[in-house]
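Work through the exercises below with the structure open. Try each task before you read its solution.

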Amino acid sequence: MKHEESNPQTTVIRFEDVVSGQFDAEDAQTVAHPLKRVLAPQPESPKLHKVLAQAGMGSRLEMEQLIMEGRITVNNEPAHIGQRVQFGDHVKVNGKPIRFRIEPPPARVIAYHKPAGEVVSNDDPQNRPTVFRKLPKLFQGKWQSVGRLDLNTEGLLLFTSSGELANNLMHPRFGLEREYAVRVLGALNQEEKKRLLEGVRLDDGLANFGSIEEGGGEGSNCWYRVTISEGRNREVRRMFEAVGHAVSRLIRIRYGAMVLPRGLKRGAWMELDAGDINSLTQKARNSASAASADAAKPVAEEGVARERTPRPPLRGRRPAGRSPTGRGNKPNAGTSAANNAQPDPLKTNFGYIGADSYTRQRQEQGSKRGAGSGSSGARRLGKGR
């Protein structure tokens, strides 16, 4: 899909937008009510007697007879005629577990713009607003958050229906970068920056930023753009507090190659298309492969300690495998190393994961308003009820 540079809907939230106040100004603008959501079809759920017959237990009529005799259970409950089963169900015949195969539903991923004041929890004892109340309903499985953001932190929060994908995206060994816009009280001096980059001692171990960039500010409020490759509880806040600076505002604007899209208001979510999910999955696999390769390298060679290869600068890099027009081109052999690097989509309007999904949803939204009817295959762009 071609992205036009003049179209503001295809741009992403940049660090400069947060510092200048445009991030808050755009979110405060009046937004039209989202269109009626069209729910995705339910995943494949074949009938029980058909599944048992295909597993070699007998004919379909014989299986129906066993069901009527109460000799078959599904998830430890008596089965009934016409019952459907889905991936993850446990079926027993005469008390003996039966092995059968049903393809799991494809992974779904949504990007949510978390506002301050919401907790990332399904059950909060204090009954505070939770992010899960605003998510669309899943027919099968449940949403799993990719990491967490604390109560007062805003920004990009990913959810997926796949536990494996969630683990690949948030496990520290895969090293996916999280990028934050941070406002602190007082400016950092060179010694404090050095400590934050080399590592500060926290209660749960050593922690360090991958990069720190100044963003200006007014008075005692100073903005910084930082990256980190893990997601411990309140880690960014605790790191700044360890060098004597309190964080007054914290916004996550990137998770790996997924960037908070411009126009996605606080409390709203968007679902990624299959192409973007595949890109996100591939990024996680590449990170896992790179982490395994780094672990296999010798620590020292010829008595000299191996130094960590410095990261290329953030500025000016594009996401791997994307052309400036947003179409995937086969990379040249000479650029394979650069394609494995973390992207910096904040400096470009093109090529970030989620761009195609968000642009397509906005176009579908506009066409629905013009036509006055919905499409059954449309992806969602919605707000919580």
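**Exercise 1.** Is phenylalanine 240 buried or exposed?

*Solution.* The model is predicted: local features need pLDDT of at least 70, side-chain atom pairs count only at pLDDT 80 or more, and totals for chains, interfaces and linings use all residues. Residues are numbered from 1 along each chain as its sequence is written, and side-chain values use heavy atoms, with hydrogens and water left out.
Step 1: recall the cut-offs. Buried means under 20% relative accessible area, exposed over 50%, partly exposed in between (1.4 Å probe, protein chains only).
Step 2: apply them. Phenylalanine 240 has 0% relative accessibility, so it counts as buried.

**Exercise 2.** Classify the ring pair of phenylalanine 209 and phenylalanine 240.

*Solution.* Step 1: state the rule. Rings of Phe, Tyr and Trp (its six-membered ring) pair if their centres lie within 6.5 Å; planes under 30 degrees apart count as stacked, over 60 as edge-to-face and the rest as tilted.
Step 1: read the geometry. The centres are 5.5 Å apart and the planes stand at 45°, so this pair is tilted.
Step 2: Phenylalanine 209 sits in the loop between β10 (205-207) and β11 (211-214), phenylalanine 240 in helix α7, so the pair ties together parts 31 residues apart in sequence. Helices (H or I, at least four residues) and strands (E, at least two) are DSSP runs, numbered from the N terminus.
Step 3: check burial. Phenylalanine 209 has a relative accessible area of 1%, so it is buried.

**Exercise 3.** Which residues have the most contacts inside the largest nonpolar core?

*Solution.* Step 1: define the core. It is a set of buried Ala, Val, Leu, Ile, Met, Phe, Trp, Tyr and Cys residues joined through side-chain atoms within 4.5 Å.
Step 1: name the residues. They are Phe159, Val182, Leu196, Phe209 and Phe240, in a core of 32 residues.
Step 2: find the main contributor. Strand β12 gives the largest share, four residues.
Step 3: look for another core. A second, separate one has 26 residues, including Leu176 and Met258.

**Exercise 4.** How many aromatic pairs are there?

*Solution.* Step 1: count. The ring rule gives three pairs.
Step 1: take one. The rings of phenylalanine 132 and phenylalanine 159 have centres 5.4 Å apart and planes at 75°, so they are edge-to-face.
Step 2: locate them. Phenylalanine 132 is in the loop between β5 and β6 (144-145), and phenylalanine 159 is in strand β7, 27 residues apart.
Step 3: widen the view. Tyr112, Phe132 and Phe159 form one aromatic cluster.
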